[in-house]
Number of protein chains: 2
Amino acid sequence: MSGRIIVLSGGVGGAKLVLGLSRAADAKNLTVVANTGDDFDHYRLRICPDIDTVLYTLGSVADKDRGWGREDESWQFMAAFRELGGEDWFNLGDRDLALHVLRTDLLSKGESLSEVTAKIACRLGIEAQVLPMSDQSVSTIVDTVDGRLAFQHYFVRERCLPEVTGFTFEGLDEARPNPALIQMLDDNPSAVIIAPSNPFVSIDPILSVPGLRDRLRNCGAPIVAVSPIVGGQAIKGPAAKIMNELGIGSSAIEIARHYAGFIDGLVIDNVDSEEKSDIEALGVKVKIAQTIMTSIEDRIALANCALDFACLIGKESTK
Amino acid sequence: MSGRIIVLSGGVGGAKLVLGLSRAADAKNLTVVANTGDDFDHYRLRICPDIDTVLYTLGSVADKDRGWGREDESWQFMAAFRELGGEDWFNLGDRDLALHVLRTDLLSKGESLSEVTAKIACRLGIEAQVLPMSDQSVSTIVDTVDGRLAFQHYFVRERCLPEVTGFTFEGLDEARPNPALIQMLDDNPSAVIIAPSNPFVSIDPILSVPGLRDRLRNCGAPIVAVSPIVGGQAIKGPAAKIMNELGIGSSAIEIARHYAGFIDGLVIDNVDSEEKSDIEALGVKVKIAQTIMTSIEDRIALANCALDFACLIGKESTK
């Protein structure tokens, strides 16, 4: 695939495929649209967990075991911060802090999140383009039986334990899609890939930015998602738990139903192959593959699979 | 000495005597008034170098060799910050950062610098009272032949190399003395000690806060300074260099002349004993002692010497 590839991504799970795509295709032709609904201010530092995970992953400095933050990380700041009475529910590594301090300063000087992200990507030697979904702040609020929680409070502080009843994205009235993304969508991209991120808290915020869902749908490129649910479970994170709490059950077909009307195709795992015909009945094409990404080879293989699938769908639609 | 002891202090040199005073007297009766003219915002973090040095010293977490910052410090933040393009002329240790992040957050929530300092002092188990000279921002500007420099730019970034022509303290119009200090001065303190800090950039900012010099002079307590110049040299920092550049020469007598009319007595080093009579001719009593503080015993001994000297002056004045 030679044209521009646009991938929508959340954090850890999504970043794995993003890395695969950066190797499977020419990284210069890859645009990563990162969810910013998780972003928050913590002790006056602006933290953008999904952008950071994408940047660290593509910059080859991500911690491979932990799944978030930087490799070779140390925790002296946290130890001292705790001693001084600072809250310690959100871990800030010593190296990771550098990004937060720098970004907070640049933002406060009036640079946009896009400009700051591009600057840091350049410093990390990243060839792919990493774009926040919007330069305006959008905040995912998790509605739970225990009340409304800011996303990181739900996700990190409360360890996803409260039962979810729904989600609200605050700030949408003021939010506009990333202008660089809009320009790209006008320029005949080859494929739009939805990474196997949590549909509710990683992808839906992106698609909720006013106008963005329609612009993606109408850009002419095939839209292919990779299911984050494998055998009824999420590989990482609370997607399956959330789906069950919302009463929709966790399965690849429910992922297809969630995205139906927007995506052209869904890559599902081998173990879910029996769901293929039910998904196709929703008007969503299906590709069966190994979607669990352990090695870098797995990531590249799944990326190639998604790109080939998108390419095929593109060709069929122009027949 | 049983009443309240007030000590005016800058950073490293002053903090040595402050530590001695906290051991020589009942720490609960010790009030440290720290210079805040060095304070600055660095990448949106509020940094108060002199307060920090006093806090770390009294909290027994100061680095003993380096003279500033925390012991057992690590520098992972700086390494990552540099990689990302952050300026690295001001070193921020991983542990030290905890204080800056916490303070910046608390200040932005509307707490005064006094409140924040007290909170951190409490967390570090410090019994002495540590007060910023003012809760309003006062900034020391160094006038040099190369132009005006913010203090840390002169002191750290330019390593005190530019030739000094004078000093300006910005923000004095809005600054008021620390209210807790004013209350204490109304309550018959036993002694006011001026630590062997740089008179121009550590003590003068304190004395420049409108009304503070007169309030100190009129509080009824003897005022005793310890000379930061020993044998024509400063033990630490640019005091001697600055005095020479200002054309006043670096000697104990010039320290006495600088403080004349304000202090009652000056502790000078054994090596400067020949200057005694000239200093006394200025109306300043003299005590000769070993003023170079290497060990903790040196600090306690010098603290006791200054306190005894102040006590003696106090008794003489009430005769």
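This is a predicted model: local features need pLDDT of at least 70, side-chain atom pairs count only at pLDDT 80 or more; totals for chains, interfaces and linings use all residues.
Student: Start with B:Ser22. Where is it found?
Tutor: B:Ser22 sits in helix 1 of chain B, residues 12–24.

Student: Buried or exposed?
Tutor: Buried. The relative accessible area of B:Ser22 is 13%, and the cut-off for buried is under 20%.

Student: Which backbone oxygen lies by the side chain of B:Ser22?
Tutor: That of B:Leu19. The distance to a polar side-chain atom of B:Ser22 is 2.7 Å.

Student: And what does B:Ser22 touch, not counting residues up to four places away?
Tutor: B:Ala27, B:Leu30 and B:Leu58.

Student: Now B:Ser227. Which loop is it in?
Tutor: The one between strand 10 (223–226) and strand 11 (229–230) of chain B.

Student: Is B:Ser227 buried or exposed?
Tutor: B:Ser227 counts as buried, because its relative accessibility is 2% and the limit is under 20%.

Student: What is it in contact with, leaving aside neighbours within four places?
Tutor: B:Ser227 has B:Pro196, B:Ala252, B:Ile255, B:Leu266, B:Val267 and B:Ile268 in contact.

Student: Which backbone oxygen lies by a polar atom of the B:Ser227 side chain?
Tutor: The one of B:Ile229, at 2.9 Å.

Student: How are B:Ser227 and B:Ile194 placed, C-alpha to C-alpha?
Tutor: Those C-alpha atoms are separated by 8.7 Å. Along the chain, B:Ser227 and B:Ile194 are 33 residues apart.

Student: Switching to the interface. How many residues of chain A and chain B are in contact?
Tutor: 29 of chain A, with 29 of chain B.

Student: What area do chain A and chain B bury between them?
Tutor: About 2,700 Å², with 65% of it on carbon and sulfur atoms.

Student: How many salt bridges cross the interface of chain A and chain B?
Tutor: The rule finds 4. One salt bridge joins the side chains of B:Asp105 and A:Arg44, at 3.1 Å from N to O.

Student: Which elements of chain A give two or more residues to the side that touches chain B?
Tutor: Helix 3 (76–83), helix 4 (94–108) and helix 5 (113–123) of chain A.

Student: Which gives the largest share?
Tutor: Helix 4 of chain A, with 10 residues.

Student: How do the residues on that side of chain A divide?
Tutor: Into 14 nonpolar, 6 polar and 9 charged.

Technical notes:
Residues are numbered from 1 along each chain as its sequence is written. Chains are lettered from A and ligands numbered from 1 in the order in which they are written. Side-chain values use heavy atoms; hydrogens and water are left out. Helices (H or I, at least four residues) and strands (E, at least two) are DSSP runs, numbered from the N terminus. Buried means under 20% relative accessible area, exposed over 50%, partly exposed in between (1.4 Å probe, protein chains only). A polar contact is a pair of N or O atoms within 3.5 Å; within protein, one must be able to donate a hydrogen and the other to accept it, and residues adjacent in sequence count only if both atoms are side-chain atoms. Contact means heavy atoms within 4.5 Å. Buried area is the accessible area (1.4 Å probe) that two parts lose on being put together, summed over both. Ala, Val, Leu, Ile, Met, Phe, Trp, Tyr, Cys and Pro count as nonpolar, Asp, Glu, Lys and Arg as charged, and the others, Gly among them, as polar.
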